[in-house]
Amino acid sequence: MSSCCAARRHLEDAEAVRQGASLLPIAVVGGGPVGLAAAAHLLERGLEPIVLEAGPTVSTAALAWGHVRMFSSWRYNLDRAARSLLERHGWTAPGAEEFPSGRELVGRYLEPLAALPELAGRLRLGTRVTGIARLGAGKLRDAGREAQPFELRFEDSEGRQGRILARAVIVASGSWGNPSPAGSSGLPAMGEREAADRIRYGMPDILGADHGRYGRRRTLVVGSGHSAIGTLLDLGELARRVPGTAVFWAARSADLTRAYGGGAADQLPERGALGQRLRRLVETGAVELLAPFSVDEIRRGNGGSLTVRSIEGRAVEVDELVVATGLRPELGILREARLDLDPALECPRMLAPLIDPNLHSCGTVRPHGAEALAQPDAGLFMAGMASYGRAPTFLLATGYEQVRSIAALLAGDVEAARRVELDLPQTGVCNSERRLPGAGAGPSCCTPATPEGGNREPGPAEDLPCCGSAARRDMAQLGPVG
Ligand SMILES: Cc1cc2nc3c(=O)[nH]c(=O)nc-3n(C[C@H](O)[C@H](O)[C@H](O)COP(=O)(O)OP(=O)(O)OC[C@H]3O[C@@H](n4cnc5c(N)ncnc54)[C@H](O)[C@@H]3O)c2cc1C
């Protein structure tokens, strides 16, 4: 940009500030299901959203796992405000009890939503946000900080830089693009980077586009969340179809109750069924379970194969590795904003006790809204998968409730922002705890830990039992997706 253009742009920005932040739009970072739902709720409230999506289409993250069948049905996958906007244009919702794939979620719901005249002009595709700050107020500056609008820097698909100003920001950028490594300490395993050509992160399309890569090969899947389970099931099916295909499963804990899930007790039956199918594959030997197996080192063997060693002293030789150890939020774009995040989960601090998998082994999460998601830089909110940091238990329905509440707060309707409007299924799954081997009895999800490490009685704000049939109707019951 020439200096003359830059100066003019600066003057325009300054003018926008003078006109008052209220004239500026509310920026939504990420055009996934939650970002688009946020836009629908803002529009319903008479507010002006602008959605910035890094990918060339909406919801590029869900398209990346497009081959995966979701474990929640359309009943839980549609946002109310988005749905009513769509229905005003003659759209018909898919059957409430059908289970879409990721691709169908995008094709049947999110793409039609993004194409509506109300949204199309407010959506910028191919626009990756690279930084969020207060205009002219570095992170250290207190004076007048809250009067300053947010400045969002972005890069378009041709590498051009730009910026927009916003009166508020909802960060709904997910975490799909930021997978955790195989190494059990959270750092890449020794040799993991060098073995990159034999490693896939997330959920490869094993029965579709990627089947040639895994057929007649030995594959080790690392992880025990929803993505690992789905990958193991697909590999088990590939092994049935293609002789010579071998499947190994590295789970950090020998207690697999949580991975196998609630079975028939799970009120998201698809999710319950997945765990039970995996249990059968292990029991019949179609999947060889290595547990406990905490990946420490990956070394090349003969012909490019990989020898994977664990901290427990075991080793396995395989041709391919699929790493499904969870996701992390990309916090780099928030470096210049004031944040208050939990040091372990990297989610908003207030949210952490509600979603911490160390405490909530059953994945039970109390509904929560704008207050729990707001950051110290007033007007900045985390939402959707990004708001869960490293916790693996996010559900779309929870995200839709989050953005309903945030839009209400931004519209000044504090009462509606505080109200809980969430109705999710319950499960009886509450049967294992995540803790380091040998750490002794830890807190259960029903008796949250004190900072000192002991158990304490639930306080007034958390008097909701999370286990068994007493769980309240308005509590979200979630399953791991990492
Ligand atoms: C395999 C899998 C299966 C799942 N199944 C279910 C299920 O059955 N039911 C359920 O309720 N939940 C499920 N989930 C969990 C969750 O609901 C989904 O991950 C959901 O897509 C999260 O929505 P989101 O909008 O928060 O984030 P995402 O869907 O991740 O969308 C974020 C968007 O932000 C964009 N973006 C990222 N960074 C930037 C940036 N810097 N600037 C601009 N844009 C950016 C991305 O391109 C993406 O389009 C599943 C998750 C996975 C991974």
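Start by selecting strand E5 (residues 150-156) together with E6: the two strands pair in the antiparallel sense over 6 bridges. This is a predicted model. Within the pair, pick Leu152, which stands opposite Ile164 in E6.

E4, E5 and E6 make an open sheet of 3 strands in the order E4-E5-E6, with antiparallel pairing. Which strands stand at the edges? They are E4 (127-134) and E6 (161-166); each has a single partner strand, so one side of each is left without a neighbour in the sheet. Ignoring direction, neighbouring strands of this sheet are turned by 25° against each other on average.

**Pro56**

Pro56 and Asp156 are 100 residues apart in sequence, and their C-alpha atoms are 10.0 Å apart in space. Pro56 is found in the loop between E2 and H3. Leaving aside residues up to four places away in sequence, Pro56 touches Leu125, Gly126 and Ser157. Is Pro56 buried or exposed? Pro56 has 10 other C-beta atoms within 10 Å, and the cut-off for exposed is 12 or fewer, so Pro56 counts as exposed.

**Ser59**

Stay in this loop, between strand E2 (49-52) and helix H3 (60-64), and select Ser59. Ser59 has a positive phi of about 50°, although it is not a glycine. Ser59 has 28 other C-beta atoms within 10 Å and is buried; the cut-off for buried is 20 or more.

**Glu346**

For another residue with positive phi, select Glu346, a residue other than glycine with phi near 60°. Glu346 is found in the loop between strand E15 (320-323) and helix H12 (352-355). With 19 C-beta neighbours inside 10 Å, Glu346 counts as partly exposed.

**Ser173**

Next, select Ser173, in the loop between strand E7 (168-171) and strand E8 (199-201). Ser173 is buried, with 30 other C-beta atoms within 10 Å. Show Gly30 as well: Ser173 and Gly30 are 143 residues apart in sequence, yet 4.4 Å apart in space, C-alpha to C-alpha. What does Ser173 touch, not counting residues up to four places away in sequence? The list is Val29, Gly30, Glu330 and Ala386.

**Helices H2 and H14**

Select helix H2 (residues 33-44) and helix H14 (residues 396-410), which pack at an angle of about 35° with their axes 9 Å apart. The crossing of H2 and H14 is right-handed. To display the contact, show Pro33, Val34, Ala37, Ala38, His41 and Leu42 on the H2 side. On the H14 side, show Leu396, Gly399, Tyr400, Val403, Arg404, Ile406 and Ala407. The residues of this contact divide into 10 nonpolar, 2 polar and 1 charged.

**Helix H9**

Move to helix H9 (residues 226-241) and check its length. At 1.5 Å a residue, its 16 residues should span 22 Å; the end C-alpha atoms are 23 Å apart, which agrees. H9 is mostly covered, with 13 of its 16 residues buried.

**A cis peptide bond**

Select Ala291 and Pro292. The peptide bond from Ala291 to Pro292 is cis, with omega near 0°. Pro292 is found in the loop between strand E11 (288-290) and strand E12 (295-300).

Continue to strand E13 (residues 306-310) and strand E14 (residues 315-318), which pair in the antiparallel sense over 4 bridges. Which residue in E14 is the bridge partner of Val308? The partner is Val316. E13 and E14 form a hairpin with 4 residues between them. In the turn, select Gly313, which has a positive phi of about 95°.

**The whole model**

Finally, zoom out to the whole chain. The protein has 15 helices and 18 strands. Of its 482 residues, 46% count as buried. Among contacts between residues at least 6 apart in sequence, 71% join residues at least 24 apart. The pair Ser173 and Gly30, visited above, is 143 residues apart in sequence.

Technical notes
Residues numbered from 1 in each chain as written. Predicted model: local features only at pLDDT ≥ 70, side-chain atom pairs only at ≥ 80, totals over all residues. Pairing = 2+ DSSP bridges. Axes fitted to C-alpha atoms, helices over the stretch in contact; angles between N-to-C directions. Left-handed = near helix turned anticlockwise from the far one by under 90°. Contact = placed C-beta atoms within 7 Å. Nonpolar A, V, L, I, M, F, W, Y, C, P; charged D, E, K, R; others polar. Expected span 1.5 Å × (residues − 1).
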